[in-house]
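Please look through the sequence and the model shown here, and then follow the explanation from the overall fold down to a single residue.

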Amino acid sequence: MIQNPAYYQMVLETLCTALEDARPAVRAKAAEALGKIGDVAIAPILVKAFKDTSPEVRSSVIQALGQLILNEA
């Protein structure tokens, strides 16, 4: 997990913005990156992203949520 709070917030905002991108590949990579952060507090953001119309994005969200769960175990 990112230790610097200001940097963490900047990364989180950037990835949340990327989840709104018009390109599914960008949204999918953003979801993937959110999962790699490893902070379970991000889960609600990913759950919201699961409503995406793109199967690629939804798949990345599922994988990201799985990473968060594994990090908590």
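Helices (H or I, at least four residues) and strands (E, at least two) are DSSP runs that are numbered from the N terminus. By that definition the protein chain has four helices and zero strands, and its elements follow one another from the N terminus as α-α-α-α. The radius of gyration, taken over C-alpha atoms, is 11 Å, close to the 11 Å given for 73 residues by the globule rule (2.2 Å times the number of residues to the power 0.38), so the protein chain is as compact as a globular protein of that length.

This is a predicted model, in which local features need pLDDT of at least 70 and side-chain atom pairs count only at pLDDT 80 or more, whereas totals for chains, interfaces and linings use all residues. Residues are numbered from 1 along each chain as its sequence is written, and side-chain values use heavy atoms, with hydrogens and water left out.

Along the principal axes, the C-alpha atoms of the protein chain fill a box of roughly 30 × 25 × 15 Å. If a contact means heavy atoms within 4.5 Å, then 54% of the contacts in the protein chain with a separation of 6 or more are between residues 24 or more positions apart. Of the 73 residues, 36% count as buried, where buried means under 20% relative accessible area, exposed over 50%, and partly exposed in between (1.4 Å probe, protein chains only).

Ala41 lies in the loop between α2 (24–37) and α3 (43–49), and this residue is exposed, with a relative accessible area of 53%. Ala41 and Glu56 are 15 residues apart in sequence, while their C-alpha atoms are 23 Å apart in space.
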